Amino acid sequence: MKLINFFLTLVIATTITGLLKANEVNIYSYRQPELIQPLLERFTAKTGIETNVVFLNKGMVERLKLEDTRSPADVVLTVDISRLQGLVNEGLVQAVENTNINSRIPANFRDPLGEWFALTLRARVIYASKDRVADGSIANYESLADSQWQGSICTRSGTHPYNLALISAVIIHHGEDVARQWLEGVKANLARRPQGNDRAQVKAIWAGECNLSLGNTYYMGKMLDDPEQSEWAQSVKIIFPEFIDGGGTHVNVSGMALAKYSPNKAKAIKLMEFLASDEAQEIYAQVNHEYPVNPAVSVSDIVASWGTFNRDDLDLESIGMQRERALKIVTDLNFDG
């Protein structure tokens, strides 16, 4: 174990040395590189400031803790409110008070103390087979546990942040006991063991392995833009489910924060200003097919074609606070087993 820790420390030290350069911003990102590269290229073209991206599948909190004051990270980009809140709870970010950012990101999509800012919204929707799921046959999240859908549902891991956030919303709407019963019903309706990402579930519907899946909206746009995946996308329809107690469609966010020990703070804030700008929000909307948080920016034509929906009004921070309870339910039920 000591040898492993030594080599891990050596790798991190090497990374730190390689990233600490002048006129650059270092980014630790849970967001996939292809989703942020167009934005970073435009930022560099406008400012001359280069960017370095360390893409992480997991472990951002642990890495930042280990690096401590030596960390080269300037800006952290992540998906899911619980991951943003987790960085705040661990004291790994610092507050930003910036008029250019605050004027473009509504107050309900940023931390009151300026420790995180949402950049985009995505709805957690139901993808349904056009051929095998009748219009109007499912309209809410609760119905995913109905026995009529036995053997019909595909999903990614229950422990993935996207699904944990949805389960957290179920807990808030109905209580922990009902959320447990609901997820147990969903598990009973699975067509296969949870696996893959959101796009893999749509591919499974196209292949006839299942009829329904959970997925984020922007994946539909990305699939339609991909010649190999467009056939998968065209085999499904998007359903914006709501909660039966009067709640709307569950949404989550991607977001940003300023790293606690940012060595390039001024340049990092310039990047954060840019990501909140109309121009960057337009790129998010048109290239990634996400819902921008900046109210001045319109969605893409593809997104507009899906129609409007009633957004659930749960407080984002309250969803993040339920993550551990949601994870315990998933683990107790051995949902992925």
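## Briefing on a predicted model

Leaving aside neighbours within four places in sequence, Ser-168 is in contact with Ile-319, Gln-322, Arg-323 and Ala-326. The model described here is predicted.

**Ser-168**

- Ser-168 belongs to helix H6, which covers residues 161-174.
- With a relative accessible area of 1%, Ser-168 counts as buried, because the cut-off for a buried residue is under 20%.

**The disulfide**

- The count of disulfides comes to one, and the two residues that form it are Cys-154 and Cys-210, whose sulfur atoms lie 2.2 Å apart.
- Cys-154 sits in strand S6 (residues 153-154), while Cys-210 sits in the loop between helix H8 (198-206) and strand S7 (212-216), so the pair ties together parts of the structure that are 56 residues apart in sequence.
- A disulfide is a covalent bond that joins the sulfur atoms of two cysteines.
- The link of Cys-154 and Cys-210 is left-handed, with -120 degrees about the S-S bond, and both of these cysteines are buried.

**The largest nonpolar core**

- The largest nonpolar core holds 105 residues, and those that touch the most other members are Ile-105, Tyr-127, Leu-144, Leu-212, Met-256 and Leu-275.
- Strand S5 (residues 117-129) gives the largest share of this core, namely nine residues.
- Leu-212, when its neighbours within four places in sequence are left aside, is in contact with a list of residues that includes Ile-126, Tyr-127, Leu-144 and Trp-149, and also Cys-154, which is one of the two cysteines of the disulfide.

- S1 runs parallel to strand S2 (residues 50-55), to which six bridges join it, and Asn-26 has Asn-52 as its bridge partner in S2.
- To get from S1 to S2 the chain passes through helix H2 (residues 33-47), and this β-α-β crossover is right-handed.
- S1 also pairs with strand S3 (residues 75-79), in the parallel sense and over three bridges, and the bridge partner of Ser-29 in S3 is Leu-77.

How values were computed: Residues are numbered from 1 along each chain as its sequence is written. This is a predicted model: local features need pLDDT of at least 70, side-chain atom pairs count only at pLDDT 80 or more; totals for chains, interfaces and linings use all residues. Side-chain values use heavy atoms; hydrogens and water are left out. Helices (H or I, at least four residues) and strands (E, at least two) are DSSP runs, numbered from the N terminus. Buried means under 20% relative accessible area, exposed over 50%, partly exposed in between (1.4 Å probe, protein chains only). Contact means heavy atoms within 4.5 Å. A disulfide is a pair of cysteine sulfur atoms within 2.5 Å. A nonpolar core is a set of buried Ala, Val, Leu, Ile, Met, Phe, Trp, Tyr and Cys residues joined through side-chain atoms within 4.5 Å. Two strands pair if DSSP finds at least two bridges between them. A crossover is right-handed if, with the strands pointing away from the viewer, the path from the first strand over the helix to the second runs clockwise.
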